[in-house]
Amino acid sequence: MSFPTNTNPLTFVQNTDHMGHHTQIVFFIPPGVHMLDLSGPIQTFFEAARLGGNYKLLYCAFQPDIDDASGLHFARLEHYSQLSLQAGDYLFIPGFDKRLLPDKRHQQQWDDFYAWLRQQHELGVNLCSVCIGSFVLGRAGLLNGRKCTTHWSMLKEFRKELRNTEVLDDQLFVKDDNIYTSAGISAGIDLALFILEENHDALFVHKIARELVVYFRRSGQHTQESVYLNYRNHLHQGIHQLQDWLIEHLATKSTIEEMAQVVNMSSRNLTRTFKQQTGISVHEYITLLRVERARTLQHTPGITMDAIAAQCGFENVRQLQRIRKAHLF
């Protein structure tokens, strides 16, 4: 990728929405950072910006040059104190080499950062940690009285050090007010997808997850159901392909034979395989998709029931009303 002249490549992001206020997604890069803790959420928000989310990615650290845990070198980083964050922005603190946790050589540097974190929290900035980044939030005094989590291997040390917190060991991530903590490594991606669903909707998250070739694993704290994310816990590429195609062609009346052609399967094999992989029939899945789309569209100002029925692939308003009654929306 080529970057604009005089632009730090670490702060550049392709964003299709250049107008209005951006939500800033800031990544603090500590010494010895674990790369996947950092790159997972970065890639998630990068894809969200590329697909139309109004996000601006920024990076900061203690000093301009930082090495990650594997020796990869970062340069031209901005000092965190130079950033101007606003309520609603997000600040991520990824995990780092746990051998640096007891390191007292740079205590004043960390103490200054803790004070800055408390200021950001008072401003209404959303604070997010990945893996042992939760220790940073805890040492800043921001987890007192809160529910939180961290990497499974550090739970004992976490509870010992932060006695005024409620540490949950069975959650991928935990949200308490505007503070988010997540477990290790790939859980940072799950947290980023969860935040995107809070700011957008399940269909937008589905598109991001598909770009990342991951499937969103919901937290136990998050019970809302969504057909865009459910029925995807299988590895059959053809059925995933058909599910994506159905979402994009919901207004079109398609026969099982036409759907079978999409994935190069026989009608009989598709019917059997779809039920086997998802637990429901193709017809049931399409109905759930239409219900979900109708639920979303009914909140659109000025839209008519005829338009909703047409966009969701219902034969007429009468059928839509019957489905609405059956599914209580």
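In what follows, a contact means heavy atoms within 4.5 Å. The model is predicted.

**Exercise 1.** Determine what share of the contacts with a separation of 6 or more joins residues 24 or more positions apart.

*Solution.* Consider the contacts in the protein chain with a separation of 6 or more; residues 24 or more positions apart account for 64% of them. Of its 329 residues, 50% count as buried.

**Exercise 2.** Identify where the pLDDT is under 50, and state how such a stretch should be read.

*Solution.* Next, locate the exception at residues 1-19, where pLDDT stays under 50 and the model has 39 contacts beyond four places in sequence. A further stretch, residues 220-224, also has a pLDDT below 50, with five contacts beyond near neighbours in sequence.

**Exercise 3.** Describe how helix H7 and helix H9 are oriented and which residues meet.

*Solution.* First, take the axes of H7 (residues 237-248) and H9 (residues 267-278): they come within 10 Å and cross at roughly 95°. Angles of 65 to 115 degrees count as roughly perpendicular, and H7 and H9 are therefore roughly perpendicular to each other. Second, list the partners: Ile239, Leu242 and Gln243 of H7 meet Leu270, Thr273, Phe274, Gln277 and Thr278 of H9. Third, sort them by class: this contact has four nonpolar, four polar and no charged residues.

Terms used:
Residues numbered from 1 in each chain as written. Predicted model: local features only at pLDDT ≥ 70, side-chain atom pairs only at ≥ 80, totals over all residues. Heavy atoms only, no water. pLDDT = per-residue confidence, 0-100. Axes fitted to C-alpha atoms, helices over the stretch in contact; angles between N-to-C directions. Helix = DSSP H or I, 4+ residues; strand = E, 2+ residues; numbered from the N terminus. Parallel < 35°, antiparallel > 145°, perpendicular 65-115°, else oblique. Nonpolar A, V, L, I, M, F, W, Y, C, P; charged D, E, K, R; others polar. Buried < 20%, exposed > 50% of the residue type's maximum accessible area, 1.4 Å probe, protein only.
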